[in-house]
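Trainee: Please take me closely through one part of this structure. Then set that part in its surroundings.

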Amino acid sequence: MSSEVYTGQAQRAAVAAVAVHDGDGHAHHHHQSFITKYIFSQDHKVISKQFLITGMIWAIIGGFFSVIFRLQLGFPDKSFPFLETIFGHWAAGGHISPELYYQLVTMHGTIMIFFVLTAGLSGTFSNFLIPLQLGARDMASPFLNMLSYWFFFAASIIMLISLFLKTGPSEAGWTAYPPLSALHEASEGSKTGMDLWLISMAVFVVSQLLAGLNYISTILNMRTKGMSMTRMPLTIWALFFTAVLGVLSFPVLLSGFILLLFDRNLGTSFYLSDIYIAGHALPNQGGSPILYEHLFWFLGHPEVYIVMLPGMGITSELLATHSRKPIFGYLAMVGSLFAIASLSFLVWAHHMFVSGMNPFLGAFFVLFTLLIAVPSSVKVFNWLATLWKGNIQYTVPALFAIGFVSLFISGGLTGIWLGNSALDLHLHDTYFVIAHFHLVMGIAAFFGMFAGVYHWFPKMFGRFMNNTLGYIHFWVTFIGAYLMFWPMHYEGLAGMPRRYYEYSADALAIYHRFQGLNEFISVVAIIVFAVQLMFVFNFFYSIFKGRPVKDPNPWKANTLEWTTPIHVGHGNWPGEIPEVHRWAYDYSKNGIDFIPQTVPVSPAEEEVGETVKTPQ
Amino acid sequence: MSGFFVVVLLLLLFIIVVQIAKASEYVAILKGEKKTQEQNNRLHATLMLVFLIAGLIGLYICHELLKDKLLPVAASVQGVAIDHMMTVTLVITGIVFFITQILLFVFAYKYRGREGHQASYYHENSRIEFFWTAIPALTMTILVAIGLKHWFSITSAAPPNAMVVEVTGKQFNWIFRYPGKDGVLGKRDYRLIDEGKFNPLGQVWSDPYNHDDVVSSELHLVVGRPVKLEIGSRDVIHDVGLPYFRLKMDAVPGVPTTLWFTPKYTTAEMAKMTGDPNFVYKLVCDQLCGAGHYSMVANIVVETQQEFDQWLASQKSQYELAKEGGAIPSDTTKMAMLPVKAQPSVVSAK
């Protein structure tokens, strides 16, 4: 195969490059200052940890915000003096103001979706796993890789500054629909906060593009000898499609945001027409907010899969490893990832069924949206079949992977409701939607992330995380997720609108009956949040005090990252890069517990799951 | 002070949990990795099964507690169709939900790691893979067909006998306009909006079709008669949410949208059916529109044609109100000089 030859060449070139870079051997490599080693590092493993820790800090902030607005929803009549201590006049008398409520909601969404589940999740695992699992010394461009983190860092700082503005951060929702987001008069958050939000997001898009191009070129060009595409672990396939989605869709979002910045500051009318606000009529004519909705959701929907696919890849990998069984239907798994990634570009307008878009157009989006259920169910069935007749080792990552499947089923099935436009007429923008996407892409994606952190922590830091805390973390979060979000389906079916500051007005008497439930959900949310803090504690504590790893392959896994030394240096393998002879899923084959990818196929052995034979 | 104690208590609890976790780590090392893993397999596999059973009981309890808090019967012809479709979807997704979740947790229990056991090297079966691709594909086709049938019927052109009501959203309330006796809504220009001069919608007073248009803050509908809402917004995007009728449609500035439906029960009938004498239909805003989003609620009255006619006749037109308020000079000849287009911009379905 020509690709095989090409891979070999690229790899040799990379080896040569590293050899030159290393001078006369690997031992001299660590003469780096603190700054080049830990801050402006070009080592993919350090950059991955930078993404992870930045993501964790954002997750704490984003999670804390949700606790604050859950206090408002659960206890609208109670006063919490500590809120006034934190937020000052925004929470006078211990009650958060409607403005603050909407700012918290907006920032919770923005932070969780973009900064945690995009940068924190695929940033961490793409950076960490792509070179290690493919057998590369680093990314195709370590420098661009470093830049991608620092652009993300800059975006983070800008967003953080917006939290401290006098008029507060954006309050237009994570979707930032104009004219609400376009007009300074429309809300407090639509003043400077919105500009900073847009600038931060634009910088964030740059970071994602640099990262994505790098991931794609590394996967295509830097695979070690024998690592054909069809021998790649499913994590890499998932991260590959994630990167492709990001590269193709983020630029469209950027264009949408830039036009919005023009409308806000330069007097253009891309999204504005016929508006009378704050006592005067605006001169803008001819624009359409629906244009923005199209541009936004053209990213916005693939974004859901940018968040989901890494978790799917991690789950596939971990279910196989921890049940000591090959993944079921490897090619179907790759095919379904491809189908999901392709279809994700054809479904964006299912967020816009009630936007006033032509209903005939809506019909196509119904069709493609429901089609996604087919590859998704193939994935679920394959995961179930992977567990079937397995020998499941209940480690913490295994638990999170199983939890992922359960949450993905529960949240995914309601997607079939919402994607059917006629049902969406009733359910759109109710709590049903909140329940749906928190289960399927919020908590499930977090489960993928947790599974990955617990699984690769020994590789990252040479120590284990505390198991008991991990088990508590899993069970409380898993049970809590269902307690919080399952009953919300009922609120949604009752038509309870999302993004309401309170439901206590007389006019909303029909929703008073859910007050007890709201209180319950808030209490569960606080407990679940506290347990996440325990996870953060476990993470940082274990970096320094965790049980040291003694076996370089503690999970008895087949993939290449476990062939590196326990403490991996820059360049990943001290000697030559290992060669790959088989797929990653030879578990329990011919009575052998696991056969790493580096073990040659014996003549008597039948090689399965592999279409391209490597010349021996 | 109690807050302080709560924090101290939580910290203590946290320290205890961490100490137990640390101790159990040492115990695990003493026992040996293999034995510990064996124990964990047993414990968590059992917990998986317990979770399944407790979860299924939990679903039942949750349903028992919340089923009475759902909405009453759909109050529009279209809503009945949507409710029916929802039941079909619930049954189909429900079957899949129970089968897959039960299999997941039963497998998780049954195939827990056991000493001396080995997993099966089983990773392909093209026949079964074909079936579990084909069955979802077929099911989805059915759901798409049902969905689109309803979607096209709901979004089709309003029937000719539909009455027309204009709905305008603004931060943070709703304005409704009825065409009056002539059955035609008069022309509007957003630059003429002036709350102080009794013109919240920017009606062009020189257009005679405007003279009998009634503006109200309440939506009045006739039972059994299709109504076509012509929806717009004065400032940002809002959404006409009609939970009792199972419908909604965005109100977008500069882009007119429409929604039509047929109310099935009058407010009085609904009050009787729900046993709530104070029952009122509500219109809620379903699109984040600013700090007052949560307060953007309007009342809807569904009544008989006779009651509606009486109500409309009792209302003064906005033109009259503006005139009484001195916002319009009574000399109509002056108005003829204003540039007016002959046709009304919005023509009723009649």
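Mentor: A residue is buried under 20% relative accessible area, exposed over 50% and partly exposed in between (1.4 Å probe, protein chains only). In chain A, buried residues make up 69% of the 616 residues. This is a predicted model, where local features need pLDDT of at least 70, side-chain atom pairs count only at pLDDT 80 or more, and totals for chains, interfaces and linings use all residues. Residues are numbered from 1 along each chain as written, chains are lettered from A and ligands numbered from 1 in written order, and side-chain values use heavy atoms, without hydrogens and water.

Chain A is our part. It has 18 helices and 4 strands; these are DSSP runs, helices being H or I of at least four residues and strands E of at least two, numbered from the N terminus. Its radius of gyration is 25 Å, which agrees with the value near 25 Å for a compact globule of 616 residues. That radius is taken over C-alpha atoms, and the globule rule is 2.2 Å times the number of residues to the power 0.38. Along the principal axes, the C-alpha atoms of chain A fill a box of roughly 80 × 55 × 50 Å.

Next, the contacts (heavy atoms within 4.5 Å). Of those in chain A with a separation of 6 or more, 79% are between residues 24 or more positions apart. Chain A exposes about 18,700 Å², with carbon and sulfur atoms supplying 71% of it. Such areas come from the Shrake-Rupley method with a 1.4 Å probe; for residues, only the protein chains shown count as cover.

For charges, Lys and Arg are positive, Asp and Glu negative, and His and the chain ends are not counted. Each charge is placed at NZ of Lys, CZ of Arg, CG of Asp or CD of Glu. Chain A has 29 positive and 33 negative charges, whose mean positions are 11 Å apart.

In an unreviewed entry, UniProt annotates residues 34-599 of chain A as "domain: Cytochrome oxidase subunit I profile". UniProt positions follow the numbering used here, feature names are shortened, and annotations may be inferred rather than shown by experiment. Residues 34-599 of chain A are 63% helix and 2% strand. The end C-alpha atoms of that stretch lie 38 Å apart.

Now two residues. Ser421(A) sits in helix α14, residues 421-427 of chain A. Ser421(A) counts as buried because its relative accessibility is 0%. Apart from neighbours within four places in sequence, Ser421(A) touches Phe353(A) and Val366(A), and also Trp151(B). Glu605(A) lies in the segment after β4 (592-594) of chain A. Its relative accessible area is 14%, so Glu605(A) is buried. Beyond neighbours within four places in sequence, the contacts of Glu605(A) include Arg582(A), Asp586(A) and Lys589(A).

In an unreviewed entry, UniProt lists residues 63-158 of chain B as "domain: Cytochrome oxidase subunit II transmembrane region profile". Residues 63-158 of chain B are 71% helix and 0% strand. Residues 160-314 of chain B carry the UniProt annotation "domain: Cytochrome oxidase subunit II copper A binding", again from an unreviewed entry. Residues 160-314 of chain B are 12% helix and 35% strand. Chain B as a whole has 8 helices and 10 strands. Its radius of gyration is 31 Å, but a compact globule of 350 residues would have one near 20 Å.
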